[in-house]
Amino acid sequence: MSRTRGTWNSKGMWAAGVVLAGVIGLTTYAVLDGDDDGARGNGPAKPTASASASGPSAVPTITTPDDWTEPQRWAALPRGAKTDSHGSQVGFPHTTEGAVAMMAAANNTDIEGTRSNQQEQRRIYDSYISPEEKSSAVAEKIEAQARATDDELRQAMGVGTSEPLPSEAYVRNTVIAYKIIKPQPDEVSVWLAAWAAQKNGEMEKESVNYLRLLLAARWVDGDWKLSADATADVMRTKPAKPSFAPPGDPKFNSLGWTAIRSAS
């Protein structure tokens with residue numbers, strides 16, 4: 001996986017996204033700093049909540065198996081004050097946790113049924129990208145790459161390009177933990193840890209990866225927005241990619257991550 005240095009890349013995405021099951025590239029608007037070497041679904045905990053095919057993914061909960069070790073740091077991130085016309089939460093509080101909540105919301109995606117990657121990527125672009133970093137050329141590139149990813153996904157799942165995904169098939173990306181890099185009143189940078197899952201059908205086995213995403217947000221016109229420029233500034237400092245173990249793993253507490261708890 002190639003690295004992106006704080007700019008919209010040639011494929012029209014804000015960084016290349018997540019490779020699931022070694023087949024499909026699910027794009028996100030975060031920087032994935034090289035290939036991830038985290039756990040692959042065999043940790044003691046994982047998110048279990050699913051979402052409808054008609055909107056963004058639900059806030060996950062965490063299972064508590066017998067070998068669960070309670071995280072020492074939990075955060076119930078604030079919700080956006082409203083849902084915009086694209087179905088995304090917006091209007092996050094002007095706080096560090098408000099910025100993290102927006103970045104988590106922007107990287108929680110759900111592709112299943114008739115819900116396509118193209119729809120998800122366009123929703124993220126419309127709702128969360130800083131206005132001064134938008135352009136018609138960028139939007140067109142995002143949609144073109146997302147359509148190509150949808151075609152690959154449907155081919156892998158054995159359905160036609162215009163058909164819905166098979167029953168109980170999905171591709172999901174869910175943010176489960178974070179680590180602050182640099183908090184400022186109007187700019188926040190973080191590492192996010194995400195749970196990425198793909199299932200190709202009702203009788204297929206789910207494939208899971210844990211990923212670390214580097215990104216930054218700026219306070220723009222009364223809300224937090226993802227910023228390529230701010231992320232580029234962070235990348236230039238060459239922050240070390242933190243080690244990761246999922247919530248519930250005994251190593252999670254020693255690595256300095258904060259687990260995300262579902263907000264009430």
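The following legends describe close-up views of a predicted model. Residues are numbered from 1 along each chain as its sequence is written, and side-chain values use heavy atoms, with hydrogens and water left out.

**View 1. Overall content of the protein chain.** The protein chain contains 4 helices and 11 strands; helices (H or I, at least four residues) and strands (E, at least two) are DSSP runs, numbered from the N terminus. Of its 264 residues, 53% are buried, where buried means under 20% relative accessible area, exposed means over 50%, and partly exposed lies in between (1.4 Å probe, protein chains only). The accessible surface is about 11,200 Å², with 47% of it belonging to carbon and sulfur atoms; areas follow the Shrake-Rupley method with a 1.4 Å probe, and for residues only the protein chains shown count as cover. Among contacts (heavy atoms within 4.5 Å) between residues at least 6 apart in sequence, 63% join residues at least 24 apart.

**View 2. Strand β9 and its two partners.** Strand β9 (residues 207-220) is largely enclosed by the rest of the structure, because 11 of its 14 residues are buried. Two strands are taken to pair if DSSP finds at least two bridges between them. Strand β8 (residues 187-199) pairs with β9 in the antiparallel sense over 12 bridges, and W191 stands opposite L214 of β9. Strand β10 (residues 223-226) also pairs with β9 in the antiparallel sense, over 4 bridges; here A217 has L226 as its bridge partner. In the hairpin of β9 and β10, 2 residues lie between the strands, and D221 takes a positive phi near 50°.

**View 3. The enclosed helix α1.** In helix α1 (residues 96-106), 9 of the 11 residues are buried, so the helix is largely enclosed by the rest of the structure. The buried residues include G98, V100, M102 and M103. Packing partners of the buried α1 residues are α2 (117-128), β7 (170-184), β8, β9 and β10.

**View 4. R172 in strand β7.** R172 lies in strand β7 and is buried, with a relative accessible area of 10%. The side chains of R172 and E112 are joined by a polar contact of 3.3 Å. A polar contact is a pair of N or O atoms within 3.5 Å; within protein, one must be able to donate a hydrogen and the other to accept it, and residues adjacent in sequence count only if both atoms are side-chain atoms.

View 5. A salt bridge places a side-chain nitrogen of Lys or Arg within 4 Å of a carboxyl oxygen of Asp or Glu, and the structure holds 11 of them. E120 and R123 form one, with the closest N and O atoms 2.8 Å apart. Both residues lie in helix α2, 3 residues apart, about one turn of the helix, and both E120 and R123 are buried. R122 and D126 also meet in a salt bridge (3.0 Å, N to O). R122 is partly exposed, at 29% relative accessible area.

View 6. R218 forms a salt bridge with D233, the closest N and O atoms being 3.3 Å apart. Because R218 lies in strand β9 and D233 in helix α4 (residues 228-236), the pair ties together parts that are 15 residues apart in sequence. R218 is partly exposed, with a relative accessible area of 22%, and D233 is partly exposed at 32%. A network of salt bridges links E187, R218, D233 and R236.

Notes. Predicted model: local features only at pLDDT ≥ 70, side-chain atom pairs only at ≥ 80, totals over all residues.
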